[in-house]
Amino acid sequence: MRQLPTPGVALSFALGLALLVAAIGFLQPTGLFAPIDERLMGLAGKLHGVRGAGLVTHGAVALDRLGAVGGRTLIVLAVGLVFIKLGHPERLIPLLVAGVGTALVIGVVKLGFNAPRPMMMIPYMPTSVIETVGTSFPSGHAAGTMALYGAIALLARSRVVTWICAAMILATGASRVWLGVHWPSDVAGGWAVGLIWLLLVLFILPWWGPLLQRPVISRD
């Protein structure tokens, strides 16, 4: 097993990520990220016209539901039942706090920046795939899935589980751009917020650190 970061290292990393979130949030309205954001969003919009894009859209809609608070709660309960069956019920609470607690954090951060959604701003991008409310920066789905799947990977300590969780984090982030509901910079900011919360819950606060030293299963 790789050595995990100490609380001091985790705190330093979290503070650095917080500065990154602030920088993206304050610089986004200046148009600094607009060339990259609009190019990637425009590319996603054009790809909607490619054969087979409908299947990608269906998958993105499914990830939208899984990445919402309700979907993340169901995943927490399902994974928690697995932990309980494997004899590790103590892992359910940190998983719940990490996977669902981001909803409160992201709500506060969104209020601070009050960024508009990109819907109806990009040519070729469909505007009726899903309905969205609220502000855009940072992406709540990106933050929530980063914290949820990051917690699952860290608590399970399995290489296979880690790769699956990483794929889900990346796929959910990409789906936000594909659906046209977030700029890529919103997703990057969301990932950073989710990672800050994950570091806070599992490494900086002292309650559950020892759990990370004990794998659920002894072999991948």
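The legends below describe an overview and close-up views of a predicted model.

**Figure 1. Overview of the protein chain, built from 9 helices and 0 strands.** Read along the sequence, the pattern is α-α-α-α-α-α-α-α-α. The protein chain has 220 residues, and buried residues make up 47% of them. Of the contacts with a separation of 6 or more, 80% are between residues 24 or more positions apart. The protein chain exposes about 11,500 Å², and 72% of this area comes from carbon and sulfur atoms. The count of salt bridges comes to 2.

**Figure 2. Packing of helix α8 against helix α9.** Two packed helices are described by the angle between their axes and the distance between the axes. Helix α8 covers residues 159–178 and helix α9 covers residues 184–204. Their axes lie 9 Å apart, at an angle of about 150 degrees. The crossing of α8 past α9 is right-handed. On the α8 side, the contact is made by Ile169, Leu170, Gly173, Arg176 and Val177. On the α9 side, Pro184, Val187 and Trp191 make the contact.

**Figure 3. Salt bridge between Arg176 and Asp64.** The two side chains meet at 2.7 Å, N to O. Arg176 belongs to helix α8, while Asp64 belongs to helix α3 (residues 53–67).

**Figure 4. Salt bridge between Glu90 and Arg91.** The side chains of Glu90 and Arg91 meet at 3.7 Å, N to O. This pair counts as a salt bridge because the cut-off is 4 Å. Are the two partners buried or partly exposed? Glu90 has a relative accessibility of 30%, so it counts as partly exposed. Arg91 has a relative accessibility of 0%, so Arg91 counts as buried.

**Figure 5. Nonpolar patch on the surface.** The patch is formed by Ile36, Leu40, Leu43, Leu47 and Val50. Together these residues have about 440 Å² of accessible area. One of them, Leu43, is found in helix α2, which covers residues 34–47.

How values were computed. Residues are numbered from 1 along each chain as its sequence is written. This is a predicted model: local features need pLDDT of at least 70, side-chain atom pairs count only at pLDDT 80 or more; totals for chains, interfaces and linings use all residues. Side-chain values use heavy atoms; hydrogens and water are left out. Patches are made of residues with over 30% relative accessible area and no salt bridge: like charges are joined within 9 Å, nonpolar side chains (Val, Leu, Ile, Met, Phe, Trp, Tyr) within 5 Å. Accessible areas come from the Shrake-Rupley method with a 1.4 Å probe; for residues, only the protein chains shown count as cover. Helices (H or I, at least four residues) and strands (E, at least two) are DSSP runs, numbered from the N terminus. Axes are lines fitted to C-alpha atoms, for helices over the stretch in contact, and angles run from 0 to 180 degrees between N-to-C directions. A crossing is left-handed if the near helix is turned anticlockwise from the far one by less than a right angle, and right-handed if clockwise. Contact means heavy atoms within 4.5 Å. Buried means under 20% relative accessible area, exposed over 50%, partly exposed in between (1.4 Å probe, protein chains only).
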